[in-house]
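Good morning. I will go through two parts of one structure, so please have the sequence and the 3D view open.

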Amino acid sequence: MFGQTQLLGAARHEYRGVRRRPNGDVFISTARPPARNMSYQGFTKETAVVPVVHGDPGTVRTGVVTSVPSDAAVMTSPALGTIKKKRSRARTTGRSLAEAKEKVYLKGFYEGIMLVEGYEGQKVQDVKKPIQKMMGEAVLYMEPEKQIMSRSGDQCVVALCDQWYLDYGDEEWKAQANQVLKSLETFCDETRKNFEATLAWLKEHACSRTYGLGTRLPWDQQWLIESLSDSTIYMAYYTMTREVWDFIFFKTSPFPKTTVPKEHLQKLRREFEYWYPVDVRVSGKDLVPNHLSYYLYNHVAMWPKDSGKWPQAVRANGHLLLNSEKDANFVETMADAGILRLFTWLEWVKEMMANQGSLRTGPRPPPSTLTRVFAKMNAGVLKTEQHYDRMMYKEALKSGFFEFQAAKDKYRELAMEGMHRDLVFRFIELQTLLLAPICPHLCDYTWGLLAKKGDSRPPGKPSHCTIYKYMKRVMPFVAMIKENLEKKGPRPGVPVSIVNPQPSNGLFTTTVDIRQGDSRDTVVRRLAKINKLIKDLSRVKLMRYEDPVLGPRRVPILGREEQGKLPIADTSTFSVHLAERRVTLADNGLSVDIGDTLVYLVQ
């Protein structure tokens, strides 16, 4: 290990020697869980059995620490100095070191430059694999990132089990998948780069499992095909025999032995040939590193010499963000502004309909500055149509509504002699058509105002029954928005863990955002929205730790759950410091730091 100066152990821990098969090397570590993990990964003669070498009860780590005084002798990174200062400050203030540690490791790995001879000038992330290959006597060992307990109360381990893999690292297969990607329409560079990165690192993928529903592995019937591996050519039914599939999918396959009439299978083959290849697969961008990449691999595996069956396009959707979180609730100012803009547009249409007699008529003037400004709508139509064809809906809305409206406003501003009626109503018609895929109900109403439905009568007033029908449809959505707003609120907050130490009551630890100006009652109500088991808010007692640093680390004592904690008064007020991700509590004129954990009891 580069930069290592010493190896440390602890005499009070129980160590075990794990003898590795077949060369007999002995690995030293504490009894649990490292030695236990090794015994499940083929290191020992018997599974789950390791010999004791020396010591007292063990810890949850290896108990063997390598000492590297500083990364400065191994690598350099401009960002590490600033982060390490923050880490040092966090240590002195007693705040959590986890965030600082994670940033140090990430910056070191992705931005660090090696100084060690033989790897000088190279990025740390680029030399990881070559260094692994250089460590000839090293062996692969795995363990959970942190302690994981099963529902039965057992500590989980990483076990080496029999498994079937798809070798996505095969060079020939990978080259074919990259060939698909070259001609694949991805609609945006981000999706293409995600595919390129995935295909570059993708190697073995476990493709089998022993439980659940699914198709049996043809060569090993005790295994089922894992769901991701069994669903990437899902654009056709999979309820027939393998021979029937071959006849449908492959032009040269003979007619199978089956009770299905030949004309039916020939019809299925014709339909398959007609509909394939897949013109576009629309999915989430988080599936690019797995499902969608397997999708490319499996198609070239099925039709290696028939590129006419390969996928043509993949549209990877993103997620709407609200307060930097995935959300689908339009409660922010941008959504409100959009609704107001639509309302303004509709009112302008009604105004033009009512005052069309005052608009300028007659032959249109020769091309001038004013006419050219408004004539941009023709170019806007073409641009918006292209965006719709490529499913770039954000860009379609930009060119087909915002820029379209801007052209109209510019024309209205500069048309000193008055707007031409033909141009105005041509604009209204085109704007309604361009906006229809995104706002169908509004555009349907506008189209009715233009008498485009073949009915010259104006739309009748909705009856009370009609209003009630639409209220019933919209009220669940309103209730959901209201509930989510009460949970998350319109203001940014700092997440705080709220722990319930009472045994056997079904109440668990949860995370609640604390916001500026919150009171005790506000936090309790927000907690009850998340934890539906809390029925009576008056029975909830909210407390903070006397020592916000060490308090959460102490094991609660049964029957003395309130020990080391102070109740939060009804008059107390929370203050948040977003930049520092810190929460303080103003109580009796004093401001105290609550740390990152609160406690609640249901009495």
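How far does helix H9 reach from its first C-alpha to its last? The answer is 20 Å over 15 residues, close to the 21 Å expected at 1.5 Å a residue. Keep in mind that this is a predicted model.

Let us stay with H9, residues 288-302. Is H9 mostly covered or mostly uncovered? Mostly covered: 11 of its 15 residues are buried. Among them are Val288, Leu292, Tyr295 and Val300. The elements that cover these buried residues include helices H5 and H6, and strands S9, S13 and S14.

Two of those strands belong with H9 in another way. Together, S13, H9 and S14 make a right-handed β-α-β unit. S13 covers residues 281-284 and S14 covers residues 314-317; they run parallel, joined by 4 bridges. Within this pairing, Val282 has Arg315 of S14 as its bridge partner.

Now the second part. Here 5 strands form an open sheet with mixed pairing, in the order S18-S17-S24-S19-S20. S18 and S20 stand at the edges with a single partner strand each, so one side of each has no neighbour in the sheet. From one strand to the next, the twist averages 40°.

Inside that order, S17 (residues 493-499) and S24 (residues 597-602) pair in the parallel sense over 3 bridges. Ile498 stands opposite Leu598 of S24.

Which helix lies across S17, S18, S19 and S24? That is H17, residues 520-530, and H17 runs at about 145° to S18.

How values were computed
Residues are numbered from 1 along each chain as its sequence is written. This is a predicted model: local features need pLDDT of at least 70, side-chain atom pairs count only at pLDDT 80 or more; totals for chains, interfaces and linings use all residues. Side-chain values use heavy atoms; hydrogens and water are left out. Two strands pair if DSSP finds at least two bridges between them. Helices (H or I, at least four residues) and strands (E, at least two) are DSSP runs, numbered from the N terminus. A crossover is right-handed if, with the strands pointing away from the viewer, the path from the first strand over the helix to the second runs clockwise. The expected span of a helix is 1.5 Å times one less than its number of residues. Buried means under 20% relative accessible area, exposed over 50%, partly exposed in between (1.4 Å probe, protein chains only). Contact means heavy atoms within 4.5 Å. Axes are lines fitted to C-alpha atoms, for helices over the stretch in contact, and angles run from 0 to 180 degrees between N-to-C directions.
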